[in-house]
Amino acid sequence: KLEILPEDAPKGAGDLAKRLDLPVQTHLNENPDEVREVRHRFHRPYVDVYEAAGLIRPMSLFAHCVHMSPRDWKKIRRVSHCPASNLFLKSGVMDWAAAKRAGVRLSLGSDVGAGPDLSMYRVMRSGWQAHALRKGKGPGPEDLLRMATLGGAEALGFDDIGSLEPGKSADFQVVDWNEIVPAGAPSAESAHDLVSRLVHRGGRSSIRRVYIAGREKYHRV
C-alpha cells in the first residue's frame with residue numbers, strides 16, 4: 001500500500017516548526033533499505049517527503065545523508081555527519097566532497113542511539129578511517145576538528161560558542177601535551193601536525209581541565 005502524501009495533507013510537525021520558528025532535527029538517507037522503504041511508502045524521494053511536510057527549513061539539521069543524489073544535496077543546508085554510527089550499522093560513508101560542493105554546513109554527530117559511544121575524539125577518528133577507504137577527497141584533520149567544534153555550533157545556530165574568539169563563551173578543554181606528543185615521538189613541527197596529533201591521539205585520558213563559560217568544571221590531577 002502506497003502512503004502518498006497529498007499536497008493538502010496535515011503537516012503537524014512542519015506547521016508547528018513554522019508557527020513557533022523552531023529548529024528541526026531528523027535523519028535522512030541513512031541506509032539503502034530505509035531509502036527504498038520511504039520511496040515505496042510515499043512514492044517520492046526521501047527529501048521530498050520532508051519538503052512536503054514543511055520540515056525543510058533554514059534551521060533544519062539532517063543526520064547521516066549517506067545515500068544522496070546531487071538533487072538531494074541542493075535542498076538541504078545543514079548536515080550532521082555520523083561516521084562512527086554509519087560504520088557500526090554498515091550504512092555506508094557520506095560523500096564529504098559532494099556536501100562541500102553543495103555548500104552544506106557540516107558538523108559531526110555520534111548518533112548515540114545507534115553509534116558506539118559519545119566521544120567526539122573517536123567520532124573524528126572514525127571519520128578519518130571511513131573516508132580514507134572511500135575514493136575521492138575526504139576531510140583532513142582540520143576539517144574534522146572544525147566539524148566537531150565550530151561546525152556543531154553553526155549547525156545548531158549558536159554564534160557564541162565553538163571557537164576561541166573575543167565575545168564568545170569560553171567553553172574549552174585543556175589537554176596534556178605529553179599525551180598528544182608523547183616522549184620519544186617526533187615533535188609537532190606545524191599547526192597541521194599538531195591538529196592531526198590532537199585528532200588521532202586525543203581522548204578522555206588526555207583531558208586535564210574543562211571550562212564552561214570561563215569557569216573550571218573539571219580538573220584532573
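Which residues in H7 meet which residues in H8? I note that this is a predicted model. From H7, I listed Met120, Met124, Gly127 and Trp128. Their partners in H8 are Pro141, Leu144, Leu145 and Ala148.

**Entry: H7 against H8**

I looked up the geometry next. H7 covers residues 120-132. Its axis and that of H8 are 10 Å apart, and the packing angle is about 140 degrees. Roughly antiparallel would need an angle over 145 degrees. H7 and H8 are therefore oblique to each other. I recorded the crossing of H7 with H8 as right-handed.

**Entry: H8 against H11**

H8, residues 141-148, also packs with H11, residues 191-201. Here I read an angle of about 60 degrees and axes 9 Å apart. That makes this pair oblique too. The crossing of H8 and H11 is left-handed.

I then listed the residues that meet. H8 brings Pro141, Glu142, Leu144 and Leu145. H11 brings His192, Val195, Ser196, Leu198 and Val199.

In what order do the four strands of the open sheet run? I found S1-S2-S3-S4, with parallel pairing. The edges are S1 (24-28) and S4 (105-108), and each of these pairs on one side only. On average, neighbouring strands are turned by 30 degrees against each other, direction ignored.

S3 (residues 78-81) and S4 run parallel and are joined by four bridges. His81 stands opposite Leu108 in S4.

**Entry: Thr26**

I picked Thr26, which lies in strand S1. What does Thr26 contact once its neighbours within four places in sequence are left aside? I found Tyr50, Leu61, Phe62 and Ala63. I also took a distance to Ser205: 32 Å in space, C-alpha to C-alpha, for 179 residues in sequence.

**Entry: aromatic rings**

How many aromatic pairs does the structure hold? I counted three. In one of them, Tyr46 and Tyr50 have ring centres 5.5 Å apart and planes at 25 degrees, so I logged the pair as stacked. Both sit in H3 (residues 46-52), four residues apart, which separates them by about one helical turn.

Phe172 and Tyr211 make another pair, with ring centres 4.8 Å apart. Their planes are at 15 degrees, so this pair is stacked too. Phe172 lies in S5 (residues 172-175) and Tyr211 in S6 (residues 207-212). I looked up accessibility for each. Phe172 counts as partly exposed at 30%, whereas Tyr211 is buried at 17%.

Tyr46, Tyr50 and Phe62 form one. Two of these names, Tyr50 and Phe62, were already on my contact list for Thr26.

Terms used: Residues are numbered from 1 along each chain as its sequence is written. This is a predicted model: local features need pLDDT of at least 70, side-chain atom pairs count only at pLDDT 80 or more; totals for chains, interfaces and linings use all residues. Side-chain values use heavy atoms; hydrogens and water are left out. Rings of Phe, Tyr and Trp (its six-membered ring) pair if their centres lie within 6.5 Å; planes under 30 degrees apart count as stacked, over 60 as edge-to-face and the rest as tilted. Helices (H or I, at least four residues) and strands (E, at least two) are DSSP runs, numbered from the N terminus. Buried means under 20% relative accessible area, exposed over 50%, partly exposed in between (1.4 Å probe, protein chains only). Two strands pair if DSSP finds at least two bridges between them. Axes are lines fitted to C-alpha atoms, for helices over the stretch in contact, and angles run from 0 to 180 degrees between N-to-C directions. Angles under 35 degrees count as roughly parallel, over 145 as roughly antiparallel, 65 to 115 as roughly perpendicular and the rest as oblique. A crossing is left-handed if the near helix is turned anticlockwise from the far one by less than a right angle, and right-handed if clockwise. Contact means heavy atoms within 4.5 Å.
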